[in-house]
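Subject: Structure handover

Hello,

Here is the structure for you to look over. Please open it next to the notes below.

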Amino acid sequence: MAKYIAKRILLAIVSIWIITMITFFAMNAIPGGPFNKEKATDPAVIKALEERYNLDKPLGEQYTLYMNNLLHGDWGVSLKTGRAIWPDMTSKFSVSAKLGGRAAIIAIIIGIILGAIAALTRNKLPDRLIIFFTTLGTAMPSFVLATLLLLVFCLKLGWFPVFSSSDPNYTLPVIALSVYPMAYITRLTKTSMLDALNQDYVRTARAKGVSKVKVIFLHALRNALIPVITYVGPMVAYILTGSMVVENIFTIGGLGSTFVTSITNRDYTTIMAVTIFLAILMVIANLLTDIVYKMVDPRIKLD
Amino acid sequence: MKKKLIAVLLVASMAASLVACGNKNAGTTTTDTAAEQAPAEATAVDTDTTTLRLNLASEPDYLDPALNSAVDGACLAVNSFVGLYTYDENNNLVPALADGEPEMSEDGLTYTIKLIESKWSNGEALTANDFVYSWNRAVAEETAADYAYMFAPIATNADGTLKVEATDDYTLKVELNAPCAYFYDLLAFPTFMPVYQADVEAANPDGTQPGAWAQEPGFVSNGAFTLKEWKHNESMVYEKNPNFYRADDVKLEKLEFMLSADDTAIYAAYNSGDIDFADTVPNDEIQSLLNSPEFHVIDTLGTYYVGFNVNSDLFKDLTADQASKMRKALSLLIDRQYIVDTVGQTGQVPADTFIPDGMADGNGGVFEADDFGYYDAKETGAGKVEEAKSLLEECGYTFESDGNGGYSISPALEVTYMTNSGTGHEAIAQCIQQDWALVGIKVNIETEDWNVFLEDRKAGKFDIAREGWIADFNDPINMLEMWLSNGGNNDMQLGKGSSSAAPDWKAYDEKIQEIYKTTDFAARVDLMREAEDMLMDTNAVVPIYFYNDIYLQKPNVTGIYTSLNQNKYFMYAEKSAN
């Protein structure tokens, strides 16, 4: 196991390094630049800024400089605002993670419960209802859902403020973030649970006289979770880094909108930082997924 | 049974969504009732008369007045810093930290400005030396400020520093290169506001982080409010600065900014009573708000225009004179009134000059006389088809009627109109597409990402592009000097290329230099009129309408005012309990 993890970490470092290269050269290849403004900036000012941020050097050298700084823990400053990237990125990530973490937990717990219920009440009313709403949940784009929540709960019912500087509302954004993964997990759980319920070992267990509850939780559900885990790993990494749509509608300063605006602004240093950060999270999530596989199903071999 | 159940559920969900839509409309048309019906939280907000809650835009780039070059940043700057001059609620320039009118030498080149005794927010005295430091810092190359060029009228020493000195603690002497008709406008401009030297230098030890001192709450300033709290991309809280020179006139204790650029969220926050002032209004809601007393439209100094690249291949085989006639024909075909009515929607004035209506002339008057225009902007469009046709015929085109009131043009003419994405810009492009189709011209609309659009426009990689300019200060020179051959904003490439169809632009460059040097402000007005004539003669710049500015403000708020260059002053606002 330890050997396996060491190997995976090594591989992860290589893939992150490749990602930094692709991102760096791709973002420099697209037209546009960080200092383009509607009212033209004096060429002398642009020259001074390019010198300050090493943008006047050849691309290869810029990349080496960037990676060298990064390995020394220096994430640089945003070209757009001059702010240091690391403290900004971590504080935004903590906001996104707070929301995303809650949304992920809700999605996983409720998703699995609903999925199990749907599988056990197959073709009966609870199953029908659950499948109807999860279909709705997967089909509705997040901007529609978020806007709808805003209109109903903030404007019509007035349960939450749309904006508050002292007491921002996190309930609605958590709901908006969790609906899609929850619906998806419900459907996944239902399908694989149905599959598991028809397996020989489940029938054997029942025939042996093992109680129904024990069969469902210990035998069927446990095996049904493998595909769910496959989905949950990357989903958690994704949801933790935030969603631009949900952040914009609920005025939340998370990482999701930073990522998108950094690209439209050609804020090179921020694009690099957020991409690398997201890549690291993804790699960790995938690694954890593999380890959890092993825990849930000892038959799986990790190597 | 199954099908029935699904049908029932579908109907139920549709009904639910209809109810939701109904809410939206109700919220739109009756803001007041919505606020009244709102629960305890929103009502509590309304009665808090010491805090003004507002939205200008999303996260500002710079709070440092010298480094800022954005409109929202300028609004934050004028409420947290103050310079020698400021605008009052009637848009008059009035002394702020200057003690009465400065003394000007007879040649108009030297100003001696007396300062009132005022303090920084930390209680320390603010002296003339603070201005000497701040201005020199703003122009220093290592600061790399976008607006450093605003200091161009001030004379410089051999080492690049400004000829500005503090003759004593409260006297500032400024030497100019030439008399400057808009000097007081500059003194009210954020770039000219003082910054606190000790903090600025402490936060920037190696010279590479000039803006670092104003990146977290608690920095020293000298304006009506100081920043207390900043949740990035969420909110900012400013508190009243008791050391502000007019602190007694500031009735508000706090300003709370919602940092958002999302139309839906801003409008919802306004309707729910969570903010008292919204600078952004969703385009779709404008029609329904036009008659609301909470909807405000104010004048601003700026022109929305269409620009032709004078070196474009469109004019390849034409003389400069013909090229201008061709552009004039296209300009006459644009139905400006229709664009204003259907796209602008907020009563913008169709533009018949490049310099906007209402701009001062630098000699105590208004630059454009009311009845003056290079064409009748209310009449352009379908009524000008014959005139446009004959102009185009002079350029070698012929027309054939298609029998339905339209024409086909020969040789076929297909042009590309470039714009950035945005509902309004694209809608205007479509209006122009239809207008030019009247004489058989085919228009392809090309939409580019904002950043790329700026770059291509600057580099002249286009035939026709949408343009706009909001004046930095209230003097026509701001909108004339941009057309200098070497001007960074000369997107129309006047004087830049070698195309024989491009107008000879040397005379224009000389005219602007003459304006710079002239000491007679009355003669300067005439020179500027001549410069605008030369610009409009090229027809490369096709004014569409003069910008105005819209915002939403609750009826219990009074005293917010906006300068003509869109700086919003919130510090003297008052909020009543109902």
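This is a predicted model: local features need pLDDT of at least 70, side-chain atom pairs count only at pLDDT 80 or more; totals for chains, interfaces and linings use all residues.

Residues are numbered from 1 along each chain as its sequence is written, and chains are lettered from A and ligands numbered from 1 in the order in which they are written.

Chain contact

54 residues of chain B are in contact with 48 residues of chain A (contact: C-beta atoms, placed from the backbone, within 7 Å). On chain B, helices H1 (2-29), H3 (40-47), H8 (263-271) and H14 (450-459) and strands S11 (235-240) and S12 (254-258) each supply at least two residues of that side. Helices here are DSSP runs of H or I with at least four residues, strands are runs of E with at least two, and both are numbered from the N terminus. H1(B) gives the most, with eight residues. By class, this side of chain B has 22 nonpolar, 18 polar and 14 charged residues. Nonpolar means Ala, Val, Leu, Ile, Met, Phe, Trp, Tyr, Cys and Pro; charged means Asp, Glu, Lys and Arg; the others, Gly among them, are polar.

Helix H12 of chain A

H12(A) runs over residues 268-296 and has 29 residues. Its first and last C-alpha atoms are 42 Å apart, close to the 42 Å expected (1.5 Å times one less than the number of residues). Among its residues, Tyr268(A), Thr270(A) and Ile271(A) are buried. Buried means 20 or more other C-beta atoms within 10 Å, exposed means 12 or fewer, and partly exposed is in between, with C-beta atoms placed from the backbone. The buried residues of H12(A) pack against H1 (2-29), H3 (59-71), H4 (85-120) and H11 (255-264) of chain A.

Annotated stretch

An unreviewed UniProt entry lists residues 93-490 of chain B as "domain: Solute-binding protein family". Over residues 93-490, chain B is 24% helix and 22% strand. The end C-alpha atoms are 30 Å apart.

Backbone details

- The peptide bond from Ser410(B) to Pro411(B) is cis, with omega near -5°. Pro411(B) sits in the loop between S17 (407-410) and S18 (414-420) of chain B.
- Asn123(A) is not a glycine, yet has a positive phi of about 70°. Asn123(A) is exposed, with 9 other C-beta atoms within 10 Å.
- Gln493(B) also is not a glycine, and its phi is near 65°. Gln493(B) is buried, with 23 other C-beta atoms within 10 Å.

Best wishes

Note on methods
Two residues are in contact if their C-beta atoms, placed from the backbone, lie within 7 Å. UniProt positions are given in the numbering used here, feature names are shortened, and annotations may be inferred rather than shown by experiment.
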